[in-house]
There are 2 protein chains.
Amino acid sequence: MVKYSSNQLDGIFAALSDPTRRAIIRRLASEGATVTELAEPFAMSMPAISKHLRVLQDAGLVSRTKDGRIHRLQLEADALKEAIGWLEQYRQFWEIKLAALEQFVTKPKKQ
Amino acid sequence: MVKYSSNQLDGIFAALSDPTRRAIIRRLASEGATVTELAEPFAMSMPAISKHLRVLQDAGLVSRTKDGRIHRLQLEADALKEAIGWLEQYRQFWEIKLAALEQFVTKPKKQ
DNA sequence: TTTATATTTAACCATATGGTTAAGTATTCA
DNA sequence: TGAATACTTAACCATATGGTTAAATATAAA
């Protein structure tokens with residue numbers, strides 16, 4: 001039985017698969033924000049946002065600091081690096097693909 | 001109501017969030033393979049693999065060519081580029097973070 | 001000390017996901 | 001033509017996901 005011990009990547013990519021969460025990440029890239037601030041652009045209840053933030057936090061994509069009753073969220077670089085790191089493995093693949101295509105366009109296959 | 005018209009990225013990241021599918025991608029990076037070949041390393045039924053391949057295909061991460069009864073899958077560079085493209089947006093973010101950390105280590109905050 | 005604010009937790013619901021087994025569909029081989 | 005091979009589809013199941021409303025918690029303000 002081949003076991004792929006549940007990777008951190010599972011959570012990171014799952015977290016990234018939701019458009020609300022990607023928008024939250026985009027928002028946090030410029031600066032940290034409170035839950036209320038993050039919720040503002042969305043036609044969604046606070047608990048829904050709260051859940052999205054929990055998913056992002058569990059994935060390690062954001063961290064949270066509590067200042068009184070206010071929770072301030074910030075983006076965490078490491079998890080993003082993890083994701084891009086996995087994808088970078090395949091950079092070679094698509095560069096080869098692209099090169100092959102170019103070759104094909106430039107000169108026909110046989111000779 | 002802020003509408004994030006369901007992006008291709010939803011499907012791509014969702015597809016990448018499963019370890020079996022990531023393993024399939026890794027396998028396909030070296031060369032195309034049949035369904036049976038792809039199924040071989042996994043302790044999982046054929047229909048399960050078939051579903052995973054469907055998810056990957058729907059996300060645009062793999063394409064399929066039928067040669068008789070044999071289906072040959074191949075990795076598609078474009079969808080991978082899409083994913084890495086989204087993440088690249090934040091490269092600046094983590095580089096700044098890293099630079100700031102370095103700065104902090106080098107000299108104390110005030111002065 | 002009451003009230004308002006910021007946020008989470010609980011309970012619920014509908015749909016999606018990841019697996020199963022059984023059956024169906026093409027295609028090839030004998 | 002009949003049997004084997006390479007798959008997919010169908011039906012089902014348990015759990016996860018993304019949303020809701022209502023209630024709880026913690027802190028701040030009056």
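A residue counts as near a strand if one of its heavy atoms lies within 4 Å of it. Keep that cut-off in mind as we walk through this predicted model, starting at the DNA.

By that rule, 20 residues surround DNA strand C, and the closest are A:Thr36, A:Ser50, A:Arg64, B:Lys51 and B:His52. H4(B) gives the most to this surface, with four residues. Sorted by class, the residues of the surface near DNA strand C comprise six nonpolar, seven polar and seven charged.

Which part of the DNA does the protein meet? Of the atoms of DNA strand C within 4 Å of the protein, 70% belong to sugar or phosphate, with bases providing the rest. Some individual contacts show the phosphate side of this picture. For A:His71, a backbone N or O atom lies 3.0 Å from a phosphate oxygen.

Now let's turn to where the two chains meet. Here 36 residues of chain B are in contact with 37 residues of chain A. About 3400 Å² is buried between them, and carbon and sulfur atoms give 72% of that area. The interface also holds four salt bridges; A:Arg22 forms a salt bridge with B:Asp10, with the closest N and O atoms 2.6 Å apart. On the chain B side, helices H1, H2, H5 and H6 each supply at least two residues, and H5(B) gives the most, with eight. That side has 25 nonpolar, three polar and eight charged residues.

Conventions
Residues are numbered from 1 along each chain as its sequence is written. Chains are lettered from A and ligands numbered from 1 in the order in which they are written. This is a predicted model: local features need pLDDT of at least 70, side-chain atom pairs count only at pLDDT 80 or more; totals for chains, interfaces and linings use all residues. Side-chain values use heavy atoms; hydrogens and water are left out. Contact means heavy atoms within 4.5 Å. Buried area is the accessible area (1.4 Å probe) that two parts lose on being put together, summed over both. A salt bridge is a side-chain nitrogen of Lys or Arg within 4 Å of a carboxyl oxygen of Asp or Glu. Ala, Val, Leu, Ile, Met, Phe, Trp, Tyr, Cys and Pro count as nonpolar, Asp, Glu, Lys and Arg as charged, and the others, Gly among them, as polar. A polar contact is a pair of N or O atoms within 3.5 Å; within protein, one must be able to donate a hydrogen and the other to accept it, and residues adjacent in sequence count only if both atoms are side-chain atoms.
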